Amino acid sequence: QVQPAESGGGLVQPGGSLRLSCAPSRGTFSRYAVAWFRQTPQGEERDFVAAINWNDGDTYYADSVKGRFTISRDNAKNTVYLQMNSLKPEDTALYYCAVGEIGTLEYDYWGQGTQVIVSS
């Protein structure tokens with residue numbers, strides 16, 4: 001089993017940047033897909049943000065973040081990053097890191113979440 005753990009959330013002004021990190025507190029990300037989801041205070045569901053396949057580095061993004069967010073991985077550190085630029089107030093949410101089998105679109109292992117607040 002793998003257990004992801006997020007870090008890097010915080011308060012940032014609109015237009016600013018923030019980088020989230022996801023590393024396994026147990027296990028390794030190799031052979032998995034690692035994704036970021038977010039849940040707003042008003043939302044009932046967690047919305048997909050971005051994902052990366054650990055084996056080949058293929059990336060996927062929600063339309064709402066394309067061109068602003070970048071997901072990447074560091075093999076040596078066994079860590080996935082979400083670089084968030086040009087942040088908007090509507091990006092305010094609890095951001096979760098999730099891990100699942102590549103190609104299934106199902107994520108079985110979830111972190112506790114890290115809060116991102118975009119406000120002036």
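This section describes the fold, the surface and selected residues of a predicted model of one protein chain.

The protein chain contains zero helices and 11 strands. Read along the sequence, the order of elements is accordingly β-β-β-β-β-β-β-β-β-β-β. Taken along the principal axes, the box filled by the C-alpha atoms is roughly 40 × 25 × 25 Å. The radius of gyration is 13 Å, which agrees with the value near 14 Å that a compact globule of 120 residues would have. Of the contacts between residues at least 6 apart in sequence, 53% join residues at least 24 apart.

Buried residues account for 42% of the 120 residues of the protein chain. The charged side chains comprise 10 positive and 13 negative groups. The centres of these two sets lie 7 Å apart.

Strand 7 (residues 69-74) and strand 8 (residues 79-84) run antiparallel and are joined by six bridges. Within this pairing, Thr70 of the protein chain stands opposite Gln83 in strand 8. The two strands form a hairpin with four residues between them. In that hairpin, Asn78 adopts a positive phi near 50°.

For Arg31, a residue other than glycine, phi is near 75°. Arg31 belongs to the loop between strand 3 and strand 4 (32-39). The relative accessible area of Arg31 is 59%, over the 50% limit, and Arg31 is therefore classed as exposed. Ser86, likewise not a glycine, has a positive phi of about 50°. The loop between strand 8 and strand 9 (93-101) holds Ser86. With a relative accessible area of 41%, Ser86 is partly exposed, because this class lies between the limits of 20% and 50%.

Ser21 is located in strand 3 (residues 18-26). Its relative accessibility is 16%, so Ser21 counts as buried, the cut-off being under 20%. When residues up to four places away in sequence are not counted, Ser21 touches Ala5, Glu6, Ser7, Trp36, Thr79, Val80 and Tyr81. Of these partners, Thr79, Val80 and Tyr81 fall within the residue range of strand 8, given as 79-84. Trp36 falls within the range 32-39 of strand 4.

Tyr95 is placed in strand 9, which spans residues 93-101. Tyr95 has 0% relative accessibility and therefore counts as buried. Leaving aside neighbours within four places in sequence, Tyr95 is in contact with Glu6, Leu20, Trp36, Phe37, Arg38, Val49, Phe69, Leu82, Met84, Gly113, Thr114 and Val116. Among them, Trp36, Phe37 and Arg38 lie in the range 32-39 of strand 4. Phe69 lies in strand 7, whereas Leu82 and Met84 lie in strand 8. The C-alpha atoms of Tyr95 and Tyr109 are 14 Å apart in space, and the two residues are 14 residues apart in sequence.

Terms used
Residues are numbered from 1 along each chain as its sequence is written. This is a predicted model: local features need pLDDT of at least 70, side-chain atom pairs count only at pLDDT 80 or more; totals for chains, interfaces and linings use all residues. Side-chain values use heavy atoms; hydrogens and water are left out. The radius of gyration is taken over C-alpha atoms; the globule rule is 2.2 Å times the number of residues to the power 0.38. Buried means under 20% relative accessible area, exposed over 50%, partly exposed in between (1.4 Å probe, protein chains only). Contact means heavy atoms within 4.5 Å. Lys and Arg count as positive and Asp and Glu as negative; His and the chain ends are not counted. The place of a charge is taken as NZ of Lys, CZ of Arg, CG of Asp or CD of Glu. Two strands pair if DSSP finds at least two bridges between them.
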